[in-house]
Amino acid sequence: IFVGGSNLIFGLRAGPLSRRIGAPVVNYGLHAGIGIDVIAARASDLIGPGDLVVLATEALHDPLAQFHSPLRAKFLNYVAGKRPLYSLALARKSCASLRQTLHNRVMSLNRHRPSSANEPTSVYSLEAIGLDGSLYFPRPVAGNLFVSRITGGWTDADLARSTATRALELLREKCRQRRATLAVMPPFRLAAPGADLSLLLECERRWLALAGERGAIQLLGPGESLLEPHFGFDSEYHLNDAGVAIMETRLAGALTSVLAGPESGASIP
């Protein structure tokens, strides 16, 4: 069970990966703006005995950012019954504050495609997501990348209280209860122009070290989920089909090793 933000929606196809490793795969990727701790709480209901749960969150690159997401606040208010779920138009407006121009660009690339009542017209439509959480829609080949700003001024204490660590602890406890195994990896990401790769890798190293200290095994190490810019589109977390194929091979090798190794079937202490 993969748990994370949209890096999973746009970076992982559950069906092909399942066939390669000989085990069922669930892609539980949602919009990262909700908060990885909230996503992990919902995904935890799926965990059963003997499962391998893989946490791949964008939150590790800016540990405190998700606490301030407008989408998170609206979603939590909806869950608490304080207000009705916002309209699709309002949701789009909120997300568009980050990358409206790039979103429109992606939409324009797909307008030439014929559509029917059952065919999605965009990679961002709900109909484009399959029952296993995977995106079933041709991704644009490449495009200009929206690059998130990664801050380096946070401390280990900030990391410890981040939504990423909250998610880790929640999944750790659920895995302990249900005798499942918890693993972590960096999110799928692109080496976008202008990105501070040394800071990026340092964030990943510190996060994976913290997760290891708390009992999680490492599926992929710092930089091992990073690809060149031409393997993505519109966001540094969104892979195109070529990028998905590369990461599928890396994941298949890592998962096969874990499932066949001494950690196989182990539970979180």
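These legends go with a set of close-up views of a predicted model. Being predicted, the model has its local features kept at pLDDT of at least 70 and its side-chain atom pairs at pLDDT 80 or more, while totals for chains, interfaces and linings use all residues. Residues are numbered from 1 along each chain as its sequence is written, and side-chain values use heavy atoms, with hydrogens and water left out.

**View 1. Helix H2 packing on helix H9.** On the H2 side, the contact (heavy atoms within 4.5 Å) uses Pro 16, Leu 17, Arg 20 and Ile 21. H9 brings a set including Glu 248, Leu 251 and Leu 255.

**View 2. The Arg 20–Glu 248 salt bridge.** Here a salt bridge is a side-chain nitrogen of Lys or Arg within 4 Å of a carboxyl oxygen of Asp or Glu, and this one comes in at 3.5 Å, N to O. Arg 20 belongs to H2 and Glu 248 to H9, so the pair ties together parts 228 residues apart in sequence. Arg 20 is partly exposed at 44% relative accessibility, whereas Glu 248 is buried at 13% (buried is under 20% relative accessible area, exposed over 50%, partly exposed in between, with a 1.4 Å probe and protein chains only).

**View 3. Helix H3 and its surroundings.** Six of the eight residues of H3 (residues 36–43) are buried, so the helix is largely enclosed by the rest of the structure. Among them are Ile 36, Asp 37 and Val 38. The buried residues pack against strands S1, S2 and S3, plus helices H4 and H7.

**View 4. The Asp 37, Arg 72 and Arg 166 network.** Salt bridges link these three residues. Asp 37 is buried at 10%, while Arg 166 is partly exposed at 44%. Arg 72, found in H4, is buried at 8%; its contacts include Gly 33, Phe 67 and Thr 163.

View 5. Glu 202 and Arg 205 meet at 2.8 Å, N to O.

Technical notes
Axes fitted to C-alpha atoms, helices over the stretch in contact; angles between N-to-C directions. Helix = DSSP H or I, 4+ residues; strand = E, 2+ residues; numbered from the N terminus. Lists of a residue's contacts leave out its neighbours within four places in sequence.
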